[in-house]
Amino acid sequence: MEAPTTSTTEATTSEVLVRADEIEKTYGSNLPFTRSVPVLTGANLEIRAGEIVGIVGGNGSGKSTLMNILVGVLKQDSGAVERTGTVGWCPQEPLLYDRLTVTETFRLFGSGYGMTAEEIDEAKRRFASKLDFEQYLDYRIDQLSGGNRQKINLSIALMHDPDVLMLDEPYTGFDWETYLIFWDLADELAADGTAVVMISHLIEEQSRLDRIYEVRDGHVYDVTERESETEATTGERRRKADE
Amino acid sequence: MNRIQTGIRTNVSTFLRTPLNVVLALLLPVVVIEGWGQAMAGLPTLPTVEAIPIDLGRLLGAIFGVAIIAGLMGLAQMISARAADRRLVQTGYPPRTLLATRLATLGGVTVVVAAVNYGVLWLTISPEAPVLTFVFLVLAGLVYAFLGALVGALLPRLFEGSLVVVFLAMMDAFLSGDSPLAADIPEFVEYFPLYHPKELLQEAMFQGTYTTGDLGFVAGYLLVLLVLVTVVFGVTMRTSGGWSA
């Protein structure tokens, strides 16, 4: 039988940026006649620098709950999360201010990250060019299509060059070209040492991932296959980055 | 980048880009002030109040108009973008700074709403102390703006929250307003949010004076509401653990 991951079993040289230890989370309330739903019952996980990590699992298995706990926007009932570096979080639903323009959105979230006006402008230009939304900078968020909104959602998570990037199905609404650009971007980030963690449903993506964690029955299982191929993928990515 | 400036600027933009807000702020005063005045026009002169009923009605309409708009704005400021607020806080934007920008915006909006109400009121009544009358209208608005923000922080649903604010403001303005229709008013009405602002406003409007005790009560009310909003907002925006660079 497959054993859940433990936080000490991996022996790679990359720095661990996020470590979750025996995380438990139950949704419920203190009101009578309401049901408690245990979601995580002892989840362990390690995220290392330069890895692209996939979190998979069935509907309602607790993937988003786990990610929200790792990011820090949801408190676990018990267990510990150690975090190092800075995080960029791209939630599944674009959590943005509908009435602000794209430029204003960058300014507001950039000020949250503590960036200067020049740094914010530079980041905005860089991602607008890369993800092709330059023509929408003066549009309000509520005037954008779902795909363009998702591009802004992703850019906001990335604009401060985080050490760990947490993505909850980040490519929803992307066209094929943007989807490929997204993966190039993820490869570049990983090659530069950023840990990229994403919740994914697509089987075909699994060859792009260095490590795959499956959330099942409240636990997290390392289901990474073809370890040697994964190492080859990482090596190839690093070679491309060096070139 | 200055977080407070950025926050206030984006809050004001958001407010102005919501057409319903602007329409409410500009049109509601006319409807409420004249409507309340005409509703009380047919009532007999009150034994304890020197003002004629139609003027008293207009004054109550003005205080109700300011309170309800400011209250609903306060509610909307807390509810409309709660999920985005949590994301913003996660980026490192301090919750207290975020709240400060919201309350500062609310304060500004309340002053504008009070000015519109004062303008409509001034067309029909000449206040004995114009500046005091305006200041006390602003105070009434601030009380409800903070109250709306508190309701929004506690009850993060726009429909239910709006019902609470609207019914509270209606009952408050009605019971606090010396209306002969509301006979045998219990003493606890003195603790209602609009009771002392109304006393201040009425005195400034018709006599040109004010009572320090009423002013102190309103100041205390505002302070308590501010503390409650800060605590509740802080709890709702709390994140679990930070990232150490």
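Modeller: Helix α3(B) contributes the most to the lining of the largest pocket, namely 6 residues; helices (H or I, at least four residues) and strands (E, at least two) are DSSP runs numbered from the N terminus. This is a predicted model, in which local features need pLDDT of at least 70 and side-chain atom pairs count only at pLDDT 80 or more, while totals for chains, interfaces and linings use all residues. Residues are numbered from 1 along each chain as its sequence is written, chains are lettered from A and ligands numbered from 1 in the order in which they are written, and side-chain values use heavy atoms, with hydrogens and water left out.

Colleague: How much space lies in the largest pocket, and which residues are the closest to its centre?

Modeller: A pocket is an open set of points on a 1 Å grid over the protein atoms alone, where a 1.4 Å probe fits, with protein on both sides within 12 Å along at least five of seven lines, and lining residues have an atom within 4 Å of a point. Here the largest pocket holds about 740 Å³, and of its 34 lining residues the closest to the centre are B:Thr14, B:Thr18, B:Ala76, B:Gln77 and B:Ser80. The helices of chain B that each supply at least two lining residues are α1 (3-16), α2 (19-41), α3 (53-79), α4 (82-90), α5 (95-122) and α7 (158-175).

Colleague: What is the order of the strands in the open sheet of chain A?

Modeller: Two strands pair if DSSP finds at least two bridges between them. In chain A, 6 strands make an open sheet in the order β5-β6-β7-β3-β8-β9, with mixed pairing. Strands β5 (87-90) and β9 (219-222) of chain A stand at the edges with a single partner strand each, so each has one side without a neighbour in the sheet.

Colleague: How many aromatic pairs does the structure hold, and why is the pair of A:Tyr171 and A:Phe182 edge-to-face?

Modeller: Rings of Phe, Tyr and Trp (its six-membered ring) pair if their centres lie within 6.5 Å, and planes under 30 degrees apart count as stacked, over 60 as edge-to-face and the rest as tilted. There are 14 aromatic pairs over all chains. The ring centres of A:Tyr171 and A:Phe182 are 5.9 Å apart with planes at 70 degrees, so this pair is edge-to-face. A:Tyr171 is in the loop between β6 (164-168) and α5 (176-191) of chain A and A:Phe182 is in helix α5 of chain A, so the pair ties together parts that are 11 residues apart in sequence. A:Trp176 and A:Tyr179 are stacked, at 5.4 Å centre to centre and 20 degrees between the planes. A:Trp176 counts as exposed, at 60% relative accessibility, whereas A:Tyr179 is buried at 10% relative accessible area.

Note on methods: Points joined across faces, edges and corners; volume = space filled by probe spheres on them. Buried < 20%, exposed > 50% of the residue type's maximum accessible area, 1.4 Å probe, protein only.
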